[in-house]
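Hi there,

Here is the structure I promised to pass on to you. Have a look at it first, and my notes follow just below.

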Amino acid sequence: MAERMLQFVRLSQAQPEKRDLAARRSDFGEIYREFAEAAAAEQSSRCSQCGVPFCQIHCPLHNNIPDWLKLTAEGRLEEAYEVSSATNTFPEICGRICPQDRLCEGNCVIEKGFESVTIGAVEKYITDTAWERGWVQAPKPRRELSWSVGIIGAGPAGLAVAERLRTRGYQVHVYDRYDRVGGLMIYGIPNFKLEKEVVLRRWKQFEEGGIHFHLNCAIGTDISIAELRERHDAVFIGTGVYKARDIACPGIGLPGIVPALDYLTASNRDNLGDAVPAFASGALDAGGKAVVVVGGGDTAMDCVRTAVRQGATSVTCLYRRDRANMPGSMREVKNAEEEGVTFTWLAAPEAFLGDTQVTGVRAVRMHLGLPDATGRQQVAPIPGSHFVQPCDLAITALGFDPEDMPAMFNEPGLAVTRWGTLKVHHRTMMTELPGVFAGGDIVRGASLVVWAIRDGRDAADQIDRYVRQKASETLATAAE
Ligand code: FAD
Ligand code: SF4
Ligand code: SF4
């Protein structure tokens, strides 16, 4: 058992082992193995217990990382779990899928020269152990309250609100247009990053804790938001962003060109055992095909790696900037390269080729120019540098925009920003509709699970304050 901290001088960084490459290319299991207890303790003991912990400052949840590392190093895992779950609704999920290289670990002070403490892997280890040993409890309130809250969207933002308010005794109702709980954690993010059982067991526990889920229920179609406001003391909107960005190229309508989320959802549903006609027909299955993925973000990385596992004959990622300027996490790019994906950097599609089915992408090579006002280097095509990348399936992964929210909810009073995201008061997180709060991707634009959790937890506090204040005003009026 590691008894002392500051062991980074003696011990090297070690992430949990990755599974054998051949095995991981052929199934959808998570690629990292779990730490053994001794390895988790040893890696935790590398932390230098900084007086000003930059890891904590750069974690969106401001997790108390130094404390849980010390407790893990001392073998006090149940206490480590208490500390880590005090600020995070889903520590085992963040430990798996946060881009730690850009957040906590990327800001660890020993990163320079010694490589960071493996914070994410330890966080995952602590909470997976807590599940195994029965320490993770359903959100049971000490006493029931009569107040109720309606939550639109069962993604991480909505679930974080639900958990926090249920623990305080609220009657919590979550409405989602999908048939399962989890939002993009269930239908967007692939199994090899986040096995679905990890999300499903949380769903089960939330139900045991008395949270009511109304699934296959689209707000704006099946129930109006006005009706929800009648039913509940407050409403939270956490509906995410789902409108795929288009690419204006000749040939874009050809069969065989599919948006990333349709492709990933079909794969996730197939892995969950659902019947997916478009997958069964081959339209959304990369098996036996040459695949091109257009885009350089994390969604593109998920598509290329899914295609490898489905048995594509080749997988190429076309991205118009270079490796250093891509938005996706470097860790994911490295995983994709290991798994056999070819990256064609500095290449932008100009047209999709084919008569009745896509047969290739005509692309042009780009060069990086001077930075623009945002500091990002501009790209420009190199004249005469066209080439054709043959393919049977082209997947477009160019990001997401919000749907037209005021129209979707038939609420013209719901103000939006110029990007179409919901406008909320920066402190209260309330929209222009009194008692209606919002958070997660629908406010931030496409972001991260950890930020959705942060918004959900903050919104829960604001909702609680709003409902209590309204109740005391009603009491005061009645007493007059
Ligand atoms: P969502 O998770 O999108 O949930 C919104 C929910 O609202 C959905 O369940 C939807 O069905 C429901 N809904 C929408 N409209 C209605 C309506 N009218 N009525 C009822 N219900 C409705 N983040 C990471 O941190 N790490 C990653 O590795 C990562 N990988 C990603 C991979 C992909 C392919 C994608 C697309 C995203 C990824 N993200 C990742 C981003 C992350 O998933 C999102 O930032 C996060 O899920 C946003 O949470 P949310 O609760 O705001 O919305
Ligand atoms: Fe790091 Fe994410 Fe965990 Fe915060 S929640 S400590 S950023 S892995
Ligand atoms: Fe430990 Fe790194 Fe955080 Fe410092 S920054 S407390 S060394 S994990």
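Predicted model: local features only at pLDDT ≥ 70, side-chain atom pairs only at ≥ 80, totals over all residues.

Valine 292 sits opposite threonine 316 of strand β8. The pairing between β7 (residues 290-294) and β8 (residues 314-318) runs parallel and counts 5 bridges.

On the way from β7 to β8 comes helix α15 (residues 298-310), and together the three form a right-handed β-α-β unit.

β7 has another partner too: strand β13 (residues 393-396), again in the parallel sense, with 4 bridges. Here valine 291 has leucine 393 of β13 as its bridge partner.

How many residues of β7 are buried? The count is 5 of 5, which leaves the strand mostly covered. Both of its faces are covered: one side carries Ala290, Val292 and Val294, the other Val291 and Val293, and all of these are buried.

Now to the ligand side, which may interest you for your own work. Ligand 2 has 14 residues around it, and the closest are Cys59, Asn63, Cys98, Cys104 and Glu123. Two elements each give two or more residues to this shell, namely α4 (65-73) and α8 (119-132). And what is the make-up of the shell by class? There are 10 nonpolar residues, 3 polar ones and 1 charged one.

Best wishes

Notes. Residues numbered from 1 in each chain as written. Chains lettered and ligands numbered in written order. Heavy atoms only, no water. Near = heavy atom within 4 Å. Nonpolar A, V, L, I, M, F, W, Y, C, P; charged D, E, K, R; others polar. Buried < 20%, exposed > 50% of the residue type's maximum accessible area, 1.4 Å probe, protein only. Pairing = 2+ DSSP bridges. Right-handed = clockwise from strand over helix to strand, strands pointing away.
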